Amino acid sequence: MVEHGQEQQPRPPRRRHGLQAPFDKHQVVALLLFAVFAAVAYAFFFPMMPDGAGRWALLGVYSALLAAIVGLGVLACAADPSDAGLHGCGDGEFYCALCDASVGESSKHCRACNRCVEGFDHHCKWLNNCIGSRNYLTFFALLLCANALLVVQLGWFAYLFARSFYAKAEMQARVVDTYGGSPDGLIGWQVGTAVAAALLVGAVFMLGELLSFHVVLVARDMTTYDYIMAQRAKDASGKDGQQGQPAGGGGGGGGG
């Protein structure tokens with residue numbers, strides 16, 4: 001059932017997609033970080049790869065994943081997951097006073113976008129758009145590709161970092177040939193690689209956790225909204241149970 005807001009303050013203008021201004025700061029940060037990681041890979045790590053088929057295979061895989069992420073990101077942002085009733089194209093079972101429209105049973109009103117979203121899952125600040133039934137598959141594919149890209153990039157960086165020690169002379173020569181300067185420039189490259197790898201490890205854990213969460217949701221045929229509501233109901237029932245116990249009564253066994 002669609003929840004009706006109780007606040008009286010002015011509501012934001014209705015958003016149709018994530019490419020519509022104003023842009024969310026999380027969206028801007030994500031784009032900048034994505035661009036920086038890609039630029040670092042092409043400018044500082046690809047030239048350091050040893051010659052051979054593996055060098056070009058890695059470039060092809062990385063570039064393909066990069067292109068997929070760009071395409072899927074644009075599609076997920078540009079999609080309009082609004083309920084069809086907002087466009088006068090549906091005759092839903094419920095009425096949303098905030099949208100002044102009849103909407104479907106699976107629709108929920110997003111206060112950030114000021115609209116009802118069909119098959120509402122959650123509002124994604126990183127895409128500046130709601131995720132619903134119309135763009136969830138695109139969002140899920142984006143998560144898969146983003147995780148794959150980060151894992152490939154982390155493995156790539158780790159390989160080159162290790163190589164900078166056991167094939168030091170060759171790596172020093174590549175630094176001099178590519179960037180000029182002295183062979184000691186390899187030390188600065190190693191420091192930069194270590195910092196980039198540390199940032200990638202954090203990104204892999206965060207995005208990996210998010211992907212795992214959505215894999216579980218898909219397996220349980222749940223949305224993020226369903227999960228949050230179920231957790232709130234569980235927490236509320238637990239508090240009610242504690243309040244209902246007589247003073248001094250021993251608590252029951254813990255749940256699973």
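Is R134 buried, exposed or partly exposed?

Modeller: R134 comes out as partly exposed, with a relative accessible area of 41% (buried is under 20%, exposed is over 50%, and partly exposed is in between, using a 1.4 Å probe and protein chains only). Bear in mind that this is a predicted model, where local features need pLDDT of at least 70, side-chain atom pairs count only at 80 or more, and totals for chains, interfaces and linings use all residues. Residues are numbered from 1 along each chain as its sequence is written, and side-chain values use heavy atoms, without hydrogens or water.

The partner of R134 is E118: their side chains meet in a salt bridge at 3.4 Å, N to O (a Lys or Arg side-chain nitrogen within 4 Å of an Asp or Glu carboxyl oxygen). E118 is partly exposed too, at 26%. E118 sits in the loop between strand 4 (115–117) and strand 5 (122–124), while R134 is in the loop between strand 6 (129–131) and helix 3, 16 residues along (helices, H or I, of at least four residues and strands, E, of at least two are DSSP runs numbered from the N terminus).

The structure holds seven salt bridges. Another of them joins D80 and R16 at 3.2 Å, N to O. D80 lies in the loop between helix 2 and strand 1 (94–96) and R16 in the segment before helix 1, so this pair ties together parts 64 residues apart in sequence. D80 is buried at 17%, and R16 is partly exposed at 45%.
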